[in-house]
Amino acid sequence: MEIDINQKKISIGDKYQIFIDGQQTHFASTKLFRLLAEINLFENSSGQLKYTIKKNWAFFSTSYDITGWDNNIIEFRTKSFWKRHYFCQVEQDLFEIFGHRGRKYSVYKNEKQVAWWDKKAVAWFNGNNYKITADKDCNYELIISFCLIIDNAFSNENNGSTLTIDVGNIGPQAKKFDPSWQPKY
């Protein structure tokens, strides 16, 4: 499954169009006038709210709560800020998100890779673009939420720029990127 996330930066927030295998299936937007970020992820066809992503106050770490349409709260937390390693416990499943050198991230569920994404190096005017490759049977809305969290945590300083160039991570990494991984279709 291929998921494209296209961000449009506006003066007081962000909007995202989300496409799965070429069809727009979801959209997301940041809530305005918040001290800490809040992003809502909606299903495109029904307009139903799927997840609300709220940033928590944290010093030298990334901390977000993801609230589902069923009001269950999922905690997205930092395992290692310097190595860009994050985790999220969803019932019995442990999701780990690994930042790699460059602009790549991988998502593992119970120690098995289920997805990865890459951010475009150059953003003109509108905002960042992400391309996610994922298993067909994965929780794609949760994977999208992880990508939105990483975007919000590390890319919000670009408001008002006509051109943004991202060289990516050059520091340490908790796990090396696996270029041989292929999604299950």
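**View 1. Strand 1 (residues 2-10) pairs with strand 13 (residues 129-134) in the antiparallel sense, over five bridges.** Strands are DSSP runs of E with at least two residues, helices are runs of H or I with at least four, and both are numbered from the N terminus. Two strands pair if DSSP finds at least two bridges between them. The model is predicted: local features need pLDDT of at least 70, side-chain atom pairs count only at pLDDT 80 or more, and totals for chains, interfaces and linings use all residues. Residues are numbered from 1 along each chain as its sequence is written, and side-chain values use heavy atoms, with hydrogens and water left out. Glu2 has Thr133 in strand 13 as its bridge partner. Strand 13 also joins strand 11 (residues 112-119) through five bridges, again antiparallel. There, Asp118 stands opposite Lys131.

**View 2. Glu2, Asp4 and Lys131 are linked in a network of salt bridges.** A salt bridge is a side-chain nitrogen of Lys or Arg within 4 Å of a carboxyl oxygen of Asp or Glu. Glu2 and Lys131 meet at 4.0 Å, N to O. Glu2 lies in strand 1 and Lys131 in strand 13, so this pair ties together parts that are 129 residues apart in sequence. Lys131 also forms a salt bridge with Asp4, with 3.9 Å between the closest N and O atoms. Asp4 lies in strand 1, so this second pair ties together parts that are 127 residues apart in sequence. Buried means under 20% relative accessible area, exposed means over 50%, and partly exposed is in between (1.4 Å probe, protein chains only). Glu2 is partly exposed at 25%. Asp4 is partly exposed at 24%. Lys131 is partly exposed at 44%.

**View 3. Glu96 forms a salt bridge with Lys79, the closest N and O atoms being 3.7 Å apart.** The pair links distant parts of the chain: Glu96 is in strand 9 (residues 93-99), Lys79 in strand 7 (residues 73-80), 17 residues apart. Glu96 is buried at 11% relative accessibility, whereas Lys79 is exposed at 52%. The structure holds nine salt bridges.

**View 4. Strand 4 (residues 38-43) and strand 5 form a hairpin with five residues between them.** Five bridges join the two strands, which run antiparallel. Phe42 stands opposite Leu49 in strand 5. In the turn, Gly47 has a positive phi of about 75°. Strand 5 also pairs with strand 6, antiparallel, over five bridges. Tyr51 has Gly68 in strand 6 as its bridge partner.

**View 5. Phe59, Phe60 and Trp82 form a nonpolar patch on the surface.** Together they have about 460 Å² of accessible area. Areas come from the Shrake-Rupley method with a 1.4 Å probe; for residues, only the protein chains shown count as cover. Patch residues have over 30% relative accessible area and no salt bridge; like charges are joined within 9 Å, nonpolar side chains (Val, Leu, Ile, Met, Phe, Trp, Tyr) within 5 Å. Phe59 sits in the loop between strand 5 (49-55) and strand 6 (64-68). Phe59 is exposed, at 68% relative accessibility.

**View 6. The sulfurs of Cys138 and Cys147 are 12 Å apart, too far for a bond.** A disulfide is a pair of cysteine sulfur atoms within 2.5 Å. By this rule the disulfide count is zero. Cys138 is buried at 13% relative accessibility. Cys147 is buried at 1%.
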